[in-house]
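User: Hey, can you walk me through the pockets and the core of this one?

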Amino acid sequence: EAARLLEPVFSGPYLRPNDAITREEAAALLNVGTMLKNMGARSGLDAEGIEGVQRLVDLQINRNSRPEVLPYVDKGAVTPRFVWAVDDLSRAKVITGYEDKSFKPQGKLTRAEAMTLILKATGESPAQVQKPAPQPQPTPTPAPAAQPGGKIVQEDGKFYIVNVETG
């Protein structure tokens, strides 16, 4: 049932629900998730809601499928049917690309990138974790050297250690 929610983005032979996801596909799915949320989750999960989202996605694809509108150096590598999603999320500062001004649309999305996208798209921010201040570690002091408790004795050309107290 949940795979039906993929249909607006991955119609027909593109559905493949068990495939890994690329960065451009994640952008499209995130936009569809936002559409579903804005429509109301209840209506978005029935057949009519999915068809409505499909119409919105088709409208978006027809409105904006020219990669030249994107701010990335590798904009030509973005699949035309995903340009609208990458553009929407870029304008909203949900997607910012890499330091070299690339987007790497065919690259796989890391788990950290996925969580960052979700948090930015929902307006949430991760809880700040306070790391405890480092505690000073006690400096180990060397144990005193063992007190000699024996003496070395030589008998018949051999050396022995003899306990001084017991002989």
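This is a predicted model: local features need pLDDT of at least 70, side-chain atom pairs count only at pLDDT 80 or more; totals for chains, interfaces and linings use all residues.

User: How much space lies in the largest pocket?

Analyst: About 300 Å³. A pocket here is an open set of points on a 1 Å grid over the protein atoms alone, where a 1.4 Å probe fits, with protein on both sides within 12 Å along at least five of seven lines. The volume is the space filled by probe spheres set on the points, which are joined across faces, edges and corners.

User: Which residues lie nearest its centre?

Analyst: Leu29, Leu30, Leu117, Ile118 and Ala121, out of 14 lining residues; lining means having an atom within 4 Å of a point.

User: And which element gives the largest share of that lining?

Analyst: α1, with seven residues. Helices are DSSP runs (H or I, at least four residues), numbered from the N terminus.

User: What about the second largest pocket, how much space is there?

Analyst: About 190 Å³. Its lining includes Arg23, Ile95 and Leu117, and α5 gives the largest share, four residues.

User: Leu117 again! What is it in contact with?

Analyst: Leaving aside neighbours within four places in sequence, Leu117 is in contact (heavy atoms within 4.5 Å) with Ala26, Leu30, Val94, Ile95 and Leu109.

Definitions and conventions: Residues are numbered from 1 along each chain as its sequence is written. Side-chain values use heavy atoms; hydrogens and water are left out. Helices (H or I, at least four residues) and strands (E, at least two) are DSSP runs, numbered from the N terminus.
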